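Grab a pencil and let's work through a few exercises on charged pairs and helices.

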Amino acid sequence: MTVQTPVAPAPTAGAETPWRRNAASFCRSPVAVFGLVLLLALTIPALFAPWVAPQNPYDIGALDIFESELPPGSVSESTGLTYWLGTDGQARDILSAILYGMRTSLLVAFTSVSAALAIGALVGLAAAYFGGVLDAVLMRIVDIQLSFPAILVALVMLSVLGQGVDKVILALIVVQWAYFARTARSAAIVERNREYVQAARCLSLGPGRIILRHVLPNCLPPLIVIATIDLAHAIGAEATLSFLGIGVPVTEPSLGMLIANGFEFMFSGQYWISFFPGIALALLILAINLVGDQLRDVLNPRNAS
């Protein structure tokens, strides 16, 4: 008599995975899908601005000062280029300037949020895992950081450091890392008493390996949500600093700088110089917030089945 060994069924191609489950949950919201489509429609042309923009608005030699402040739909007499959104006071094509400016804003926001996420997550995880005096000291530093308005801290730093993309990134890192540290600590306090952490300690694994390879992956969902929403805050903060004249220098493209350049023309009829960059900034922040709100619901562990 032959004894047959039971064989576990092979996973089918359509088996549900956490990725598919989260994607399906995200797509249930038409508003979130609209936000994602809008975000892609804005970011993809901006990332490839040097190749898709009709003009390099920061190539001074290619600009004709006689074509400054042209209304939307005007056609260049020298090049035949159609200025669909008009030109500004320096004869730059508004559409091209928006694409280049959005590219810089996304670079500043993504870099600063990524660095703040890394620093804040490490600080929060270390505070939660080791506890005691280290936890108390680190969290008091976080409390002090959070007690000051973020824009005020950034203004003071840039007043000391000066203008520049790298200076803006550094200032945004300083004002953002504390949010990630507080979130990471809250999530890690729950995870540090789980069975898998106790098992890792019994195997004599080092604290660094336990924190980075075991605790951190289980703390990522809330951090991803905070990072997504903070991305919109970083774009708005960079635009505010550039509008005030202490962020990105005039020679660098930025949505905030474009709005500031056209502010003086708002009451003289040339509304398009500030209006269209402002609309682009508002749509970019709106799209990120719509995606972040849905991610918050999708990655909420209470909603997991």
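**Exercise 1.** Find how the side chains of Arg185 and Asp135 meet, and work out which parts of the chain the pair ties together.

*Solution.* Keep in mind that you're looking at a predicted model.
- Step 1: Check the distance. The side chains of Arg185 and Asp135 form a salt bridge, at 2.8 Å from N to O.
- Step 2: Place each partner. Arg185 sits in helix α7 (residues 165-191) and Asp135 in helix α5 (residues 132-147), so this pair links parts that are 50 residues apart in sequence.
- Step 3: Buried means under 20% relative accessible area, so Asp135, at 13%, counts as buried.

**Exercise 2.** Work out where Arg140 and Asp143 lie, and which network they belong to.

*Solution.* 
- Step 1: Look at the bond. Arg140 and Asp143 make a salt bridge through their side chains, 2.8 Å from N to O.
- Step 2: Locate them. Both lie in helix α5, three residues apart, which is about one turn of the helix.
- Step 3: Check accessibility. Arg140 is partly exposed at 45%, and Asp143 is partly exposed at 30%.
- Step 4: Follow the shared partners. Salt bridges join Arg140, Asp143 and Arg182 into one network. The structure holds eight salt bridges.

**Exercise 3.** Describe how helices α4 and α7 cross, and what kinds of residues make their contact.

*Solution.* 
- Step 1: Compare the axes. Those of α4 (residues 94-130) and α7 come within 5 Å and cross at roughly 35°.
- Step 2: Name the hand. The crossing is right-handed.
- Step 3: Sort the contact residues. There are 22 nonpolar, five polar and one charged.

**Exercise 4.** Which residues of helix α6 are buried, and how are they arranged around its axis?

*Solution.* 
- Step 1: List them. Val153, Ala154, Met157 and Leu158 are buried in α6.
- Step 2: Look down the axis. The buried residues of α6 fall within an arc of 125°, so they line one face of the helix.
- Step 3: Turn to the other side of α6. Ser159 and Val160 are exposed there.

How values were computed:
Residues numbered from 1 in each chain as written. Predicted model: local features only at pLDDT ≥ 70, side-chain atom pairs only at ≥ 80, totals over all residues. Heavy atoms only, no water. Salt bridge = Lys/Arg side-chain N within 4 Å of Asp/Glu carboxyl O. Helix = DSSP H or I, 4+ residues; strand = E, 2+ residues; numbered from the N terminus. Buried < 20%, exposed > 50% of the residue type's maximum accessible area, 1.4 Å probe, protein only. Axes fitted to C-alpha atoms, helices over the stretch in contact; angles between N-to-C directions. Left-handed = near helix turned anticlockwise from the far one by under 90°. Nonpolar A, V, L, I, M, F, W, Y, C, P; charged D, E, K, R; others polar. Arc of directions from axis to C-beta.
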